[in-house]
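Hi,

Here is the structure I said I would pass on. Have a look at it first, and then read my notes below.

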Amino acid sequence: MDWGSRRFLMAFLVANFALSPHFCSADTAPHYSFIHEATSAPPVSYHDYIIVGGGTAGCPLAATLSENASVLVLERGGSPYLKPGKTDKGNFLLGLFDSSSDSYVQAFVSEDGVNNHRGRVLGGGSVVNAGFYSHAQTEFVKESGLDEALVKDSYQWVEKKVTFKAPVLQWQSAVGDGLLEAGVSPYNGFTYYHINGTKIGATIFDTDDHRHSAADLLEYANPKKIKVYLHATVLKIIITTESSQPRAEGVIFEDALGVGHKAHLKKDSKTEIIVSAGAIGSPQLLMLSGIGPAHQLEALGIQVVMNQPRVGQGLADNALNGLFIPSPSPVELSLLSTVGITQSGNYIEAWSGLNLSPSFGWISKILDKVLPNISIDTRLKGGSIIHKVGRPLSTGYIELRSTNPYETPKVRFNYLKEPEDLRKCVQGMQTILNVVNSKAFSKFRYPTISTQQLLNLAAALPVNLRPRHLNTAISLEQYCNDTLITFWHHHGSCRVGKVVDKDYRVIGVDGLRVIDASTFDFTPGTNPQATVMMLGRAMGVRILKERHLLHFWRRN
């Protein structure tokens, strides 16, 4: 969709339209007095902090900063609370592949030929993901330089609002027992921690299968100190170059009607713009604002504020491969609950019984062709066992296609390019095959369907735009390359030490930080959302402490 069409569509929409289960159920979604459509924003406003992106990091960050400062959040998407059932557990696939005008995702295809999605909603990826919640590895916390006590407190702050123990019924239990048979041991029971072996994790779905996202963390906010504008697309950061070092002073954003607005920082040395637009959106905005590889920016007519060739470089994603297993027995509705963390650095997870729409009819046709007499309807009778290559060495890049902020830039992840990543993928698939062949999982296997036939089925599914080969279902190396999809764990495009410093300040620019997964060298834990939310909270606390110390020093 081009820029003009999107403006028209959004104008039409605007014109026409741990463990606290009592928070934000489908029937009692929070009514935030401080959230408004950007069309109601004044032409010019002033704030202590401007946060670009009300996503998985931006929401906890904004809620924390509002404790003692004025905060503006600019979110390019809408509210997840208008249609709460849309994000329920059973509708995971429906939401992820929703192409309607009010979809919570923006679809794109990477240069690798892999279908992908970006969150476009208040709460970001936590509104559309598979819900698994698990802490980071110990080494991630140490390498981040964050205080361990602050990290612990920040995780707990998040968990009071949005987490629940993931349920484990027949399918998830069989996968867990199969992992143990396959040697992914020991059994660690329920835990938030990242421990080798097989464990049960937490989830952001409550006992009624309703989702609780990062947007729920705005319940912590001081409503008198925060303003959140929806359908507010930031065009660029205003950066002055009058002093010895460039300084961020404000942003220009556009509402759904295409009307421009300016938001400025108050005249104070501790006011800041914080970009939390995700691993694709954050480097994109920096480049649109003149911070990035000079030759790329000049080619598009963007005035170069600072030549920073590392912006957008080092982008990574974790490849996902797996098997779909039709079941002769009924399966429960489940998303990621059981996880196997192998010694080699693979993460094995599973789901079952998800809802389908009529648009998924092509799956039935392929099943009928590859596995005759196996049928599905509007709910999958069966499920998938999948794996993630942890800490991939393969990296890619982001490049602007144009100066249009609504357009996803050119994205290449270079999945499995490094031999070590491909080796890990093969190991992960071998573990999955061992689980499928285990005695514990036999109840959910048709005895007449071999694992080779399951590989043939996966090879026949059009899950990406990559070419297939004659040996796709025979060679696990080829299978990994040909059938991979995204795990939606984008990271690494504004890394610490390259684009930002250890305090997440953009190197060479005052008053500007990036706080989100774009700063990560690798995705923490089996699934990163817990740590992204934690980071938003922890950095909010640190920034407020810095602000308090400065004010104390000035008074004395």
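A quick definition before the notes: a residue is called buried when its relative accessible area is under 20%. Also keep in mind that this is a predicted model.

I started with strand S14, which covers residues 247-254. By that cut-off, 6 of its 8 residues are buried, so the strand is mostly covered.

What does S14 pair with? Strand S13 (residues 233-240) runs antiparallel to S14, and 7 bridges join the two. S13 and S14 make a hairpin, with 6 residues between them.

S14 also pairs with strand S15 (residues 260-265), again in the antiparallel sense, over 5 bridges. Here you can find Val251 with its bridge partner Ala263 in S15. These two strands form a hairpin as well, this time with 5 residues between them. In that turn, Gly258 has a positive phi of about 85°.

Then there are two helices to look at. How do H10 and H12 cross? The axes of H10 (residues 419-436) and H12 (residues 476-483) come within 9 Å and cross at roughly 100°. Angles of 65 to 115 degrees count as roughly perpendicular, and H10 and H12 are therefore roughly perpendicular to each other.

On the H10 side, the contact is made by Leu422, Cys425, Val426, Met429, Gln430 and Leu433. H12 brings in Leu476, Glu477, Tyr479, Cys480 and Asn481. Sorted by type, the residues of this contact come out as 8 nonpolar, 2 polar and 1 charged.

Cheers

Definitions and conventions: Residues numbered from 1 in each chain as written. Predicted model: local features only at pLDDT ≥ 70, side-chain atom pairs only at ≥ 80, totals over all residues. Heavy atoms only, no water. Axes fitted to C-alpha atoms, helices over the stretch in contact; angles between N-to-C directions. Helix = DSSP H or I, 4+ residues; strand = E, 2+ residues; numbered from the N terminus. Parallel < 35°, antiparallel > 145°, perpendicular 65-115°, else oblique. Contact = heavy atoms within 4.5 Å. Nonpolar A, V, L, I, M, F, W, Y, C, P; charged D, E, K, R; others polar. Buried < 20%, exposed > 50% of the residue type's maximum accessible area, 1.4 Å probe, protein only. Pairing = 2+ DSSP bridges.
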